[in-house]
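Subject: Structure handover

Hi,

Here is the structure I promised to pass on to you. Please open it alongside this message, and then read on for what turned up.

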Amino acid sequence: MIHSKISGTGRYLPERVLTNFDLEKMVETTDEWIRTRTGVERRHVCADDETTSDMCVEAAKHAMEAAGKTPADVDMVIIGTTTPDLIFPNIATLVQHRLGIPACPAIGLEAACTGFIYALTTADKYIQTGDAKCVLVIGAECITKLLDWSDRNTCVLFGDGAGAVILEASEEPGIIGCHIGADGQYLDLLYYPVGASKELQKAGTDEAAIMMAGKEVFKVAVSTLGDVASRALEAAGIEQSELDWLIPHQANVRIIQATAKRLGLPMEKVILTVQDHGNTSAASVPLALDVAVRDGRVKPGQLVLMEAFGGGFTWGSVLMRF
Ligand code: UT7
């Protein structure tokens, strides 16, 4: 059987950093409220002329370098994002071209904050069937461009960035199990009200902004993330205590603490980047993975569980031996 394994990771964060103290000058909020209710202290924000594909290209270069791969080695590109540069062509084709990756399947995939987990799951399947050998998988988001900067309920939460991995065919796992899901009945709790075939005329106006019923999203996120994490472990016959690391979606430190508690995991085994990145949607898990790989916490051979939850709702987990 063919397995898949991550052989390199990379990340890119925009230069501009916006702290909670900067936000205090923009909306009626305090550093104390943001820190205690969300865990966020600062976030990176794209420049006006910076796009999601710009960030993907930089993150991908670092991942390819770490994996010892050149663009010619890559035979598929999959990018999870809600904020592609253009409606079409899809963002993976832009990134493929800019990196000089020879013609291959290039898939742009939208699953809100679960985008990277969906993309990694898809890449794993292509490798298992033998249809791909070396996939560039990216989660990236320029979500601050969708924010209403006068809405304190949402503008304090989010940040921009891109995280990339190279997923390669391997004789040993690698990825042990992927579990993804969605339930569209929750549309009204978290959405962006403008799209290509609906309300496009509202783009760039006050009516175009992220809509979120925070408290309701919070409750479903905690129970769903706990379930999807337990299911991943059960399916693999692995005990919680065997896990070396949990790398969760970084939306809110309180959601992460509640999920870790449900799993019986001490916070020392959880990778936290929400304080530095905020909620970067599809980029949050691969950014946290790269941070932990490069600072030496996540080591080869360790058992790692990644999980995410987002608009839709969508959710998913990937259990792997790094
Ligand atoms: O990534 C996709 C999934 N997204 C999530 O998982 C997000 C889930 N939700 C959350 O993380 C939290 O619900 C939030 C961080 C969004 C909000 O925290 P909360 O503890 O649920 O606060 P709340 O919305 O119930 O608001 C509590 C109070 C309200 O005031 P009143 O009505 O009690 O007087 C808000 O108006 O806090 C107020 N508030 C703020 N105050 C200062 C809301 N935003 C702010 C703010 N600064 N930025």
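This is a predicted model: local features need pLDDT of at least 70, side-chain atom pairs count only at pLDDT 80 or more; totals for chains, interfaces and linings use all residues.

Let me begin with the packing. The largest nonpolar core has 33 residues, and the members that touch the most others are L120, V137, I247 and M306. Helix α5 (residues 115-129) supplies the largest share of this core, seven residues. There is also a second, separate core of 28 residues, with C155, V156, F158 and V222 among them.

Next comes strand β4 (residues 76-80). Five of its five residues are buried, so the strand is largely enclosed by the rest of the structure. Both faces are covered: M76, I78 and G80 are buried on one side, and V77 and I79 on the other. β4 runs parallel to strand β6 (residues 134-141), and five bridges join the two; here I78 stands opposite V137. With strand β5 (residues 106-109), β4 also pairs in the parallel sense, over four bridges, and G108 is the bridge partner of I79. Between β4 and β5 the chain passes through helix α4 (residues 91-99), making a right-handed β-α-β crossover.

T314 counts as buried because its relative accessible area is 9%, where the cut-off is under 20%. Its side chain reaches the backbone oxygen of G311 at 3.4 Å. Leaving aside neighbours within four places in sequence, T314 is in contact with A111, T114, Y118, G181, A182, A308 and F309.

The peptide bond from P173 to G174 is cis, with omega near 20°, and G174 sits in the loop between β7 (161-170) and β8 (175-182). Another cis peptide bond joins G312 and F313, with omega about -5°; F313 is in the loop between β12 (303-310) and β13.

Two residues other than glycine have positive phi. A112, in the loop between β5 and α5, has phi near 50° and is buried at 12% relative accessible area. E199, in the loop between β9 (190-191) and β10 (211-212), has phi of about 60° and is partly exposed at 27%.

Best wishes

Note on methods:
Residues are numbered from 1 along each chain as its sequence is written. Side-chain values use heavy atoms; hydrogens and water are left out. A nonpolar core is a set of buried Ala, Val, Leu, Ile, Met, Phe, Trp, Tyr and Cys residues joined through side-chain atoms within 4.5 Å. Buried means under 20% relative accessible area, exposed over 50%, partly exposed in between (1.4 Å probe, protein chains only). A polar contact is a pair of N or O atoms within 3.5 Å; within protein, one must be able to donate a hydrogen and the other to accept it, and residues adjacent in sequence count only if both atoms are side-chain atoms. Contact means heavy atoms within 4.5 Å. Two strands pair if DSSP finds at least two bridges between them. A crossover is right-handed if, with the strands pointing away from the viewer, the path from the first strand over the helix to the second runs clockwise.
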